[in-house]
Amino acid sequence: MISFQNVTWSYQEDGEIKSLDSIHLEVKDGECILLCGKSGCGKTTMTRLLGGLIPNFYEGNLQGAVLLDGRNLCDLPMYEISKQVGSVFQNPRTQFYTVNTTSEIAFGCENLGMEPEKIAARVRQTARDLEIESLLDRNIFHLSGGEKQIIALASIYAMSPQIYVLDEPSSNLDVQAIEKLRNILALLKQQSKTIIIAEHRTWYLKNLVDRAIYMEDGKVVREYTMAELAQFTIEEQLQSGIRTVDLLSYPTMLYTTYPVDHVIELKDIHCFYGKTEALSIPELSINSGQITAIIGTNGAGKSTFVSCMCGLLKKVKGTILLDGKKQTAKKTGTAKLSCYAGDGPPAFFRQCPGRNCTGKSRPIRKVLAGNHEGSGYFRPCRPPSHDFIRRTEATGYHCLCLCL
């Protein structure tokens with residue numbers, strides 16, 4: 001059993017801003033619990049506590065205790081926690097240790113000291129149970145965001161922990177992949193595993209979740225059943241940040257047209273990962289004043305498409321025109337864009353008035369750890385405070401412009 005006993009956590013040492021505030025919660029063995037609420041309410045912080053990342057990897061101020069079968073998680077070494085608790089992060093790329101999918105699935109078992117024969121058997125069994133044989137022995141960097149999410153879950157499944165902690169596992173998945181995720185969760189529930197899911201989407205969890213814990217400003221406000229969530233009006237959904245349980249009940253939006261001021265044209269576009277062609281667009285026009293949706297299954301090339309348009313990829317052939325004028329990667333790249341939001345944590349870019357601004361973003365810790373500030377290589381346009389670093393890392397945002 002998991003027990004949160006008056007838990008308060010702040011990413012600041014002085015505890016002024018509380019990410020969790022006086023949490024009291026008990027999770028029984030075999031329960032499937034949904035943590036829900038608006039972004040920033042504390043869901044991810046709860047998952048970090050359960051996985052031992054807080055306070056082992058995140059600095060801050062912790063009060064109270066999180067008990068696992070009566071033992072304080074803070075008193076357990078990480079290797080002991082990992083035997084019982086498996087975590088799948090919202091951005092799976094942050095938890096990969098290898099570049100090969102089969103090796104990644106085996107990695108956790110290797111760290112638990114299993115015999116090679118047993119590890120091989122676990123990998124085969126995981127592939128069969130999760131129906132991911134087609135993803136074995138693949139380069140992780142060549143997978144789509146949704147495929148990476150499934151591999152991250154598979155690497156935990158192979159270790160067979162009793163508790164699964166998932167942070168927005170459906171965020172990068174298409175409908176077919178979400179259905180596969182739902183089947184995996186149903187399999188875990190049949191195995192009497194304890195499941196804690198921090199999530200905005202609720203429709204695929206309709207018949208799986210035992211209790212929905214609604215959080216607000218770092219506090220547990222109340223509990224719901226999925227039947228109660230299904231009765232929420234559109235106004236209640238918007239106010240609470242809880243999405244609809246029934247997709248068919250969601251109203252359609254009126255479509256409004258606007259004047260066309262600019263036109264982007266793509267001609268004979270080809271993009272490659274190594275020698276493999278990942279994108280082929282003979283001709284395409286996109287008008288301003290419209291919302292253009294790029295749709296398709298995981299691995300279809302959606303992320304590659306938008307990355308190509310933003311000038312983020314190198315191995316691209318073809319022509320991109322803006323109002324008839326040819327655009328180079330430098331002109332179409334991030335230095336000229338206000339925002340590129342990929343399938344990981346959002347990365348924001350702001351144009352610096354300096355003439356030599358690269359317009360590039362880097363993880364803040366990497367900049368400071370590399371001690372590049374003032375070195376002539378690059379430096380932050382505005383040196384960030386340590387409090388800013390903690391806040392941006394806690395939310396997954398990198399907001400930094402670099403200059404030569």
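Guide: Two strands are said to pair if DSSP finds at least two bridges between them. Strands (E, at least two residues) and helices (H or I, at least four residues) are DSSP runs, numbered from the N terminus. The model is predicted: local features need pLDDT of at least 70 and side-chain atom pairs count only at pLDDT 80 or more, while totals for chains, interfaces and linings use all residues. Residues are numbered from 1 along each chain as its sequence is written, and side-chain values use heavy atoms, with hydrogens and water left out.

Two bridges join strand 5 to strand 4 (residues 61-68), in the antiparallel sense. There, leucine 67 stands opposite asparagine 72 of strand 5. Contact here means heavy atoms within 4.5 Å.

Threonine 8 is found in strand 1 (residues 2-10). Threonine 8 counts as buried because its relative accessibility is 8%. Buried means under 20% relative accessible area, exposed means over 50%, and partly exposed lies in between (1.4 Å probe, protein chains only). The side chain of threonine 8 reaches the backbone nitrogen of serine 22 at 3.0 Å. That is a polar contact, meaning a pair of N or O atoms within 3.5 Å; within protein, one must be able to donate a hydrogen and the other to accept it, and residues adjacent in sequence count only if both atoms are side-chain atoms. Leaving aside neighbours within four places in sequence, the contacts of threonine 8 include Lys18, Leu20, Asn61 and Gln63.

Helix 1 leads on to another sheet. Helix 1 (residues 43-50) lies across strand 3 (32-36), strand 6, strand 7, strand 8 (194-198) and strand 9 (211-216), and runs at about 150 degrees to strand 7. Helix 7 (residues 175-190) also packs on that sheet, touching strand 3, strand 7 and strand 8, and its direction makes about 145 degrees with that of strand 8. The sheet itself is open and has six strands in the order 6-7-8-3-9-10, with mixed pairing. Strand 6 (85-88) and strand 10 (219-224) are the edge strands, and each pairs on one side only. From one strand to the next the twist averages 20 degrees. Strand 6 and strand 7 (residues 163-167) run parallel and are joined by four bridges.

Helix 7 has 16 residues and reaches 23 Å from its first C-alpha to its last, close to the 22 Å expected at 1.5 Å a residue; the expected span is 1.5 Å times one less than the number of residues. At its N-terminal end the cap is aspartate 174, which has a side-chain oxygen 3.2 Å from the backbone nitrogen of glutamine 176. After helix 7 comes serine 192, with a positive phi near 65 degrees. Among the buried residues of helix 7 are Ala177, Ile178, Leu181, Ile184, Leu185 and Leu188. An α-helix has 3.6 residues a turn, so residues three or four places apart point the same way. The buried residues of helix 7 pack against helix 5 (116-130), helix 6 (145-157), strand 7 and strand 8.

A nonpolar core is a set of buried Ala, Val, Leu, Ile, Met, Phe, Trp, Tyr and Cys residues joined through side-chain atoms within 4.5 Å. The largest such core has 50 residues, and those with the most contacts inside it include Leu34, Leu166, Leu185 and Ile197. Leaving aside neighbours within four places in sequence, leucine 166 is in contact with Leu185 and Ile197, and also with Thr47 and Val88, among others. A second, separate core has 28 residues, including Val7, Val66, Leu68 and Ile81. In soluble globular proteins, nonpolar side chains tend to be buried together.

Definitions and conventions
Axes are lines fitted to C-alpha atoms, for helices over the stretch in contact, and angles run from 0 to 180 degrees between N-to-C directions.
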